[in-house]
Amino acid sequence: MTDAEYKFNPDCQAIYQITVQGYLGESRSDWFDGMAIEPQVDADGRSVTKLTGKVVDQAALHGLLRKLYDLGLSLLSIKRIELD
C-alpha cells in the first residue's frame, strides 16, 4: 500500500505508545484504560514512562493525554502502531 492509498480513520482502534517525562507507577494502569506502563531511564539519565496499549478512537486518545496533562507529566512522544 502506498501513502496515496492509505486512508487514516480517526474512529478506528489502534495501538499507541506514549512517552512522558517523569515516573508513573505501574499501579496506575487502571487510570489509563489498562495500558502497559513501563517506567524507564532514558539515555540522558532522566526518568521517563512509556504507556502502550489499544486506544479505541481519537476521543479516547484525547482523554488519555488530558490525564497525563492533569498529572503534570510532559509529553515526549506519541507513536501510532497500526493494527493488522
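Strands β1 and β3 (residues 47-55) run antiparallel and are joined by eight bridges. Helices and strands here are DSSP runs numbered from the N terminus, with at least four residues of H or I for a helix and at least two of E for a strand. Two strands are said to pair if DSSP finds at least two bridges between them.

Some housekeeping before going on. This is a predicted model, in which local features need pLDDT of at least 70 and side-chain atom pairs count only at pLDDT 80 or more, while totals for chains, interfaces and linings use all residues. Residues are numbered from 1 along each chain as its sequence is written, and side-chain values use heavy atoms, with hydrogens and water left out.

### The overall layout

The four strands make an open sheet in the order β2-β3-β1-β4, with antiparallel pairing. β2 (36-41) and β4 are the edge strands; each has a single partner, so one side of each has no neighbour in the sheet. From one strand to the next, the twist averages 20 degrees.

Where does α1 lie? It goes across β1, β3 and β4, running at about 15 degrees to β1. For angles like these, axes are lines fitted to C-alpha atoms (for helices, over the stretch in contact), and the angle between N-to-C directions runs from 0 to 180 degrees.

As for the chain as a whole, 26% of its 84 residues count as buried. The labels work like this: buried is under 20% relative accessible area, exposed is over 50%, and partly exposed is in between, using a 1.4 Å probe and protein chains only. The chain exposes about 5700 Å², with carbon and sulfur atoms supplying 50% of that; the areas come from the Shrake-Rupley method with a 1.4 Å probe, and for residues only the protein chains shown count as cover. A contact means heavy atoms within 4.5 Å. Take the contacts between residues at least 6 apart in sequence: 71% of them join residues at least 24 apart.

### Residues in the strands

Threonine 19 is in strand β1 (residues 14-21). Is threonine 19 buried or exposed? Threonine 19 has a relative accessible area of 10%, so it counts as buried. Setting aside neighbours within four places in sequence, threonine 19 is in contact with Val48, Thr49, Lys50, Ser74, Leu75, Leu76 and Ser77.

Serine 77, one of those contacts, belongs to strand β4 (residues 74-81). Its relative accessibility is 33%, so serine 77 is partly exposed. Not counting residues up to four places away in sequence, serine 77 touches Gln17, Ile18 and Thr19. The C-alpha atom of serine 77 is 9.3 Å from that of lysine 50, which is 27 residues away along the chain.

Over in β3 there is threonine 52. Its side chain makes a polar contact with the side chain of glutamine 17 at 3.4 Å. A polar contact is a pair of N or O atoms within 3.5 Å; within protein, one must be able to donate a hydrogen and the other to accept it, and residues adjacent in sequence count only if both atoms are side-chain atoms. Leaving out neighbours within four places in sequence, threonine 52 is in contact with Ile15, Tyr16, Gln17, Met35, Ala36 and Glu38.

### Salt bridges

How many salt bridges are there? The count comes to three, taking a salt bridge as a side-chain nitrogen of Lys or Arg within 4 Å of a carboxyl oxygen of Asp or Glu.

| Salt bridge | N to O distance |
|---|---|
| Aspartate 42 and arginine 46 | 2.8 Å |
| Arginine 46 and aspartate 44 | 3.6 Å |
| Aspartate 70 and arginine 66 | 3.6 Å |

Asp42, Asp44 and Arg46 are linked in a network. Arginine 46 is partly exposed, with a relative accessible area of 38%, whereas aspartate 44 is exposed at 63%.

Aspartate 70 and arginine 66 both lie in helix α1 (residues 58-70), four residues apart, which is about one turn of the helix. Aspartate 70 is exposed, with a relative accessible area of 54%, while arginine 66 is partly exposed at 47%.
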